[in-house]
Amino acid sequence: MTSTTLLFLVIGLGLVAWFFGRLKAAGLHTRGKGSRSVLHSLPNYHGWYVALWAIVPATIFMMVWSFVSPSLITDAALNSPAAAQLPQGGFARGAILSEARAIAYGHQVNAFNPLSQSMVTPYREAISYYQMIGAVAALLMVFACGVYAWLRIKPDLRARTKIERVTMMVLLLASLIAIVTTVGIFLSLVFETARFFSMVSPIDFLFGTEWNPKAVAGPRGETGFGAIPLFWGTVFIGAIIAMIVAIPLGLMSAIYLTQYAPAKFRSWMKPILEVLAGVPTVVYGYFAALTVAPALRDFAVSIGITSASSESALAAGVVMGIMIIPFVSSMADDSIAAVPSSMRDGSLAMGATHSETIKKVLIPAALPGVVGGVLLAVSRAIGETMIVVMAAGLAANMTANPFSSVTTVTTQIVQLLTGDQEFDSPKTLAAFALGLVLFIVTLLLNLIALRVVKKYREAYE
Amino acid sequence: MNDDKKMQESSESINMTDPATTGATSESGTPKMTARNVNVFYGDKQAINDVSIDVNMDSVTAFIGPSGCGKSTFLRCMNRMNDTIPIARITGDIRLEGDDIYAPQMDVVQLRARVGMVFQKPNPFPKSIYDNIAYGPRIHGLATGKEELDHIVESSLQRAGLWSEVKDRLQDSGTALSGGQQQRLCIARAIAVDPEVILMDEPCSALDPIATAKIEELIHELRGQYAIVIVTHNMQQAARVSQKTAFFHLGTLVEYGETTDIFTNPREEKTRDYITGRYG
């Protein structure tokens with residue numbers, strides 16, 4: 001019996017337990033004083049109570065058993081007479097054992113080593129033996145726990161309270177999974193980065209100005225891991241060029257939509273702007289690489305900048321800015337809309353014009369929210385990958401010339417981790433260090449942005 | 001000393017709100033604002049039905065009536081604040097010193113500088129106390145220099161009875177003041193652009209009794225310098241602060257007359273019922 005069928009069997013038995021639990025509770029369900037039932041909880045809750053008791057402990061046991069049983073199986077197989085012929089220790093022994101195990105489980109059909117073939121039978125026996133034990137124990141648990149719960153069904157059993165608690169635990173577990181995963185990712189980044197820094201000095205990495213990871217020569221004292229050009233390229237594209245595009249356009253569109261647009265136009269325009277946020281970034285990427293970049297290069301050449309590259313910071317930055325507009329615009333929109341209308345009325349009643357009111361009252365009052373939105377947008381922009389991979393280029397230039405090619409942290413991570421690689425070379429590990437830097441920077445930006453936004457919200461509520 | 005004198009001179013030239021000066025432009029008896037046959041619609045719903053009323057310079061006019069009777073709507077027509085509501089439509093004729101305020105050549109910005117407004121909830125801008133007061137003079141270019149602006153701020157705060165409380169912290173945020181102080185700040189802000197009429201839309205409904213008493217005192221002091229119209233829920237307040245009272249009911253003006261007459265000897269049955277608390 002495989003563990004999958006066993007699991008289904010346990011769940012099936014759980015449903016049966018649900019039925020019996022409900023049946024017993026329904027039997028107890030008599031009218032007490034007035035129209036009130038003597039049961040504390042509805043029969044359904046009793047059913048769930050018994051079913052959960054039947055399923056959960058047995059499932060937990062099966063999970064534990066699946067971790068414990070392989071070593072028990074190996075021990076049992078090694079105690080068999082066939083194991084006496086095996087070589088003592090070393091690589092050969094391990095290879096034979098794993099081959100035998102693979103055949104026994106049916107993952108592999110033929111053995112290369114005749115010794116493995118001889119080990120298959122003891123393995124098979126051990127496997128079926130321990131599987132049997134596991135299955136019997138699990139089924140016994142289903143029955144024991146189910147019957148225990150069934151016996152506990154009494155009119156005053158607070159089954160509903162208990163089920164509510166289980167529901168709460170399940171929801172808690174669901175929310176923990178996301179957090180635990182994030183922590184896990186962070187820890188793996190930290191450990192890999194620590195390995196990287198044992199090969200390359202953190203100072204060289206964080207403050208070095210030459211990025212050329214292909215120049216790796218020996219195990220110590222490598223050069224070419226100076227990440228400053230990458231940081232500069234990231235900031236240049238994501239925080240400077242993209243924001244020069246996104247902040248004015250996003251803000252102005254938010255002002256138009258909240259203050260001037262007729263309701264009908266707004267109801268059309270806002271969803272369209274939000275759709276812009278849903279366009280896959282790879283689409284923006286080829287738009288940047290195939291349309292914007294050549295056009296910009298031609299333009300640069302026509303105004304006399306002959307060194308203009310076909311992959312330019314400007315192309316990537318402008319397209320990224322366009323991608324970011326919906327974020328800036330919707331955050332600005334929210335914060336302008338959150339300014340109490342009494343503020344606007346107050347200003348209008350002073351004889352201020354519409355645009356004076358916007359400039360002198362609404363924008364200043366909405367500024368913290370707008371700043372928060374911009375910070376969130378920056379953190380998104382510097383983490384953005386596809387556009388820069390396709391349009392920004394790979395050359396790690398330290399330049400403020402928007403027509404030249406620069407590279408970013410994300411682009412280099414993609415470069416370092418695509419294709420064949422070994423996971424202990426500094427070249428690969430550098431990707432983790434870059435990832436960690438990016439992670440920390442975006443985390444800080446998000447924290448600051450959320451704090452700014454929250455502080456601002458408190459001021460008006 | 002010399003500076004002080006200069007400041008005083010400029011005060012006279014800016015704030016032509018001296019009772020003597022204003023009396024000349026509008027002799028008592030000549031109404032400051034006149035409304036004739038005003039109807040207001042919100043979409044299909046009629047909110048104001050054929051209201052005609054005169055507002056005088058030398059008296060405080062109170063609009064009273066039960067909730068939803070249209071008194072605030074009518075007030076907002078008097079400086080065209082209803083323009084900000086897209087579905088609002090107004091017919092009839094409202095004039096400020098004979099000029100039709102809904103005429104195409106009337107600039108709404110100029111109108112609102114002449115007809116100021118104070119709202120139900122104090123709404124200081126999230127700026128310093130100084131900048132709150134200086135807001136209007138700045139957008140209307142009333143001051144030519146910093147000194148003149150300082151003077152406008154000081155005299156407006158003094159008129160609003162707030163100067164002694166805030167003179168040492170003019171750079172603090174206006175929103176940090178108490179509710180009553182905020183409302184007086186809003187009145188000072190309205191005074192700062194030197195309006196002819198001040199509309200007050202239930203200015204005390206968000207305030208405690210002590211702050212309310214201060215605002216009422218302030219209204220007394222401002223009377224005669226500005227034509228004041230106050231909308232209020234509170235009949236005692238209307239009786240205390242106003243010389244003329246208009247009673248609105250279901251969008252119509254039921255009765256308009258001397259406050260003493262309205263409260264002691266109303267002509268209309270409805271007014272009597274409302275005054276005596278039969279409904280409201």
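**Exercise 1. Find the order of the strands in the open sheet of chain B, and say which strands lie at its edges.**

Step 1: The open sheet has 4 strands, in the order β2-β1-β4-β5 (chain B), and its pairing is antiparallel. Strands here are DSSP runs (E, at least two residues), and helices are runs of H or I with at least four residues, both numbered from the N terminus. Two strands pair if DSSP finds at least two bridges between them.

Step 2: β2 (45-55) and β5 (99-100) of chain B each pair on one side only, which makes them the edge strands.

Step 3: Strand β4 (residues 88-96) of chain B is joined to β5(B) by 2 bridges, and the two run antiparallel. Opposite Leu96(B) you will find Asp99(B) in β5(B).

A word on the model before we go on: it is predicted, so local features need pLDDT of at least 70 and side-chain atom pairs count only at pLDDT 80 or more, while totals for chains, interfaces and linings use all residues. Residues are numbered from 1 along each chain as its sequence is written, chains are lettered from A in the order in which they are written, and side-chain values use heavy atoms, with hydrogens and water left out.

**Exercise 2. Describe the hairpin of β9(B) and β10(B).**

Step 1: Strand β9 (residues 244-249) and strand β10 (residues 252-258) of chain B run antiparallel, joined by 6 bridges.

Step 2: Pick out one bridge: Ala246(B) has Tyr256(B) in β10(B) as its partner.

Step 3: Now look at the turn. There are 2 residues between the strands, and Leu250(B) takes a positive phi near 50°.

**Exercise 3. Work out what chain A and chain B bring to their contact.**

Step 1: Chain A gives 18 residues and chain B gives 23 residues to the contact (heavy atoms within 4.5 Å).

Step 2: Together the chains bury about 1,600 Å², 64% of it on carbon and sulfur atoms; buried area is the accessible area (1.4 Å probe) that two parts lose on being put together, summed over both. In chain A, the residues that lose the most area to chain B are Ala349(A), Met350(A) and Lys360(A), together 38% of what that side buries.

Step 3: The interface has 1 salt bridge (a side-chain nitrogen of Lys or Arg within 4 Å of a carboxyl oxygen of Asp or Glu). Asp345(A) forms a salt bridge with Arg76(B), with the closest N and O atoms 3.9 Å apart.

Step 4: Finally, locate the helices. On the side of chain A that touches chain B, α11 (341-349) and α12 (354-383) each supply at least two residues. The largest share, 8 residues, comes from α11(A).
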